[in-house]
Amino acid sequence: MSAIREIKRRIKLIKNIQHVTGAMKMVASAKLRRAQSRLYAARPYAQKIVELVGRLALAPEAQSLPLLASREVKKKAYVLIAGDRGLAGAYNSHLIHLAEQCLRREEQPVALVVAGRKGWQYFRRRSVEILKSYAEIGDEPDLSLARELARQLMAIFLEGQVDEVNLVYARFHSALRYDPLVERLLPIQAPSLEGSDSLDYLYEPGPMAVLETILPRYCEIRVYQALLEAKASEHGARMIAMESATKNSSEMIEQLTLSYNKARQNAITTELLEVATGAEALKDQG
Amino acid sequence: MGTLRLEVFTPQRRVFCAAVASVIAPGLEGYLGILPRHAPLLAVLKAGVVYCRDAEGKTERLAVSGGILEAGPVKVIILADEAELAGEIDVERARRAKERAEKRLRERPAGLDLARAEAALQRSLARLKAARAI
């Protein structure tokens with residue numbers, strides 16, 4: 001009897017878990033949809049600004065601007081954009097692993113900037129210099145956070161604390177796929193343009209002033225996009241993880257129900273046997 | 001006279017997109033007027049109001065808080081840090097922001113970021129102006 005009760009209890013337990021994972025999946029998919037639409041809404045601005053930077057940064061005098069000028073790299077910084085929370089499959093560990101690989105590969109000193117609680121939790125106990133940390137990105141990264149982060153990064157780069165800044169984040173492809181990658185943020189590399197029209201522009205007030213206005217914004221939008229890509233990837237990863245958890249628990253419930261029925265059948269058979277033998281014994285006496 | 005296509009983007013969204021007959025935008029060193037068949041131009045914008053008139057003479061106003069303007073013969077693109085159509089502006093909020101910024105500039109508390117307070121004031125003024133609230 002106790003075996004039957006035990007199985008019943010476990011089925012109930014798993015059903016509860018299934019409810020939770022099912023709900024988490026729904027929440028993640030709603031958040032994914034929102035993150036995706038924000039990602040797409042940011043694209044036209046980003047495309048345009050990339051085009052402008054590509055066109056302007058090739059000018060020889062542009063190379064003297066500190067955000068564009070590459071210098072001897074004595075120290076590199078990596079910016080890890082990880083998730084705030086777990087239960088997203090291998091998402092966080094993928095990114096942390098990639099960041100760690102980057103750090104180990106470098107010969108010169110490196111420093112980290114971490115955004116997202118999971119990255120911070122992992123690296124705070126390690127012997128890595130953390131320049132800045134943002135524990136919370138939130139479910140919907142907003143522009144002001146991206147601007148703040150971009151400004152900090154530009155500041156540490158311009159002050160000469162580091163000579164190169166790279167972003168480590170996951171690019172979103174679909175709910176099923178994201179690619180963890182490393183991208184150079186600073187010094188800004190002029191994006192290469194194919195077949196760009198070399199129109200003669202008038203500049204108001206002047207070409208360098210225009211470029212000086214564009215470059216920080218270019219940095220901000222790249223950080224903003226990276227945050228959006230990372231968030232969409234995280235929600236996608238979580239949605240898939242929760243879906244498979246829900247499916248797995250269904251399978252488990254099925255198996256447990258089977259063994260529950262078997263145990264019940266067994267108990268009934270034993271009982272019947274007892275009754276039958278009892279009746280048989282009585283008949284013999286009478 | 002042909003028409004211009006005006007597109008206003010912020011990092012978050014496309015704020016405005018329509019065919020217009022003329023655009024007036026707050027350039028860093030004074031307002032710029034742009035008509036169709038303008039020579040290619042890249043201009044830095046400061047906080048202010050963008051006016052655009054359509055073919056029927058109706059004017060639309062947008063508050064922008066700095067950015068870049070690219071003008072071509074048939075197209076004007078504004079990449080703004082923030083932009084709102086006149087109808088979308090929260091006048092109450094803009095007014096509060098203006099008062100806050102003015103107070104800060106008047107009292108000059110220690111550690112005041114002067115440039116930032118000034119920028120906040122200009123932003124709120126642009127909003128109020130676009131919404132015709134001052």
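In chain B, the centres of domain 1 and domain 2 lie 24 Å apart, taken over C-alpha atoms. The bounds, from an automatic or database domain assignment, are 4-86 for domain 1 and 90-130 for domain 2. This is a predicted model, in which local features need pLDDT of at least 70 and side-chain atom pairs count only at pLDDT 80 or more, while totals for chains, interfaces and linings use all residues. Residues are numbered from 1 along each chain as its sequence is written, and side-chain values use heavy atoms, leaving out hydrogens and water.

So much for the layout; next comes the meeting of the two domains. In chain B, 13 residues of domain 1 are in contact with six residues of domain 2 (heavy atoms within 4.5 Å). About 710 Å² is buried between domain 1 and domain 2 of chain B, with 57% from carbon and sulfur atoms; buried area is the accessible area (1.4 Å probe) that two parts lose on being put together, summed over both. Two salt bridges are counted between these domains of chain B (a side-chain nitrogen of Lys or Arg within 4 Å of a carboxyl oxygen of Asp or Glu). B:Arg127 also makes a salt bridge with B:Glu84, their closest N and O atoms being 2.7 Å apart. On the side of domain 1 of chain B that touches domain 2 of chain B, E6(B) gives the most, with five residues; strands are DSSP runs (E, at least two residues), numbered from the N terminus.

Over in chain A, five strands make an open, mixed sheet in the order E3-E2-E1-E4-E5, where pairing takes at least two DSSP bridges between two strands. Strands E3 (129-134) and E5 (177-186) of chain A stand at the edges with a single partner strand each, so one side of each has no neighbour in the sheet.

How values were computed:
Chains are lettered from A and ligands numbered from 1 in the order in which they are written. Helices (H or I, at least four residues) and strands (E, at least two) are DSSP runs, numbered from the N terminus.
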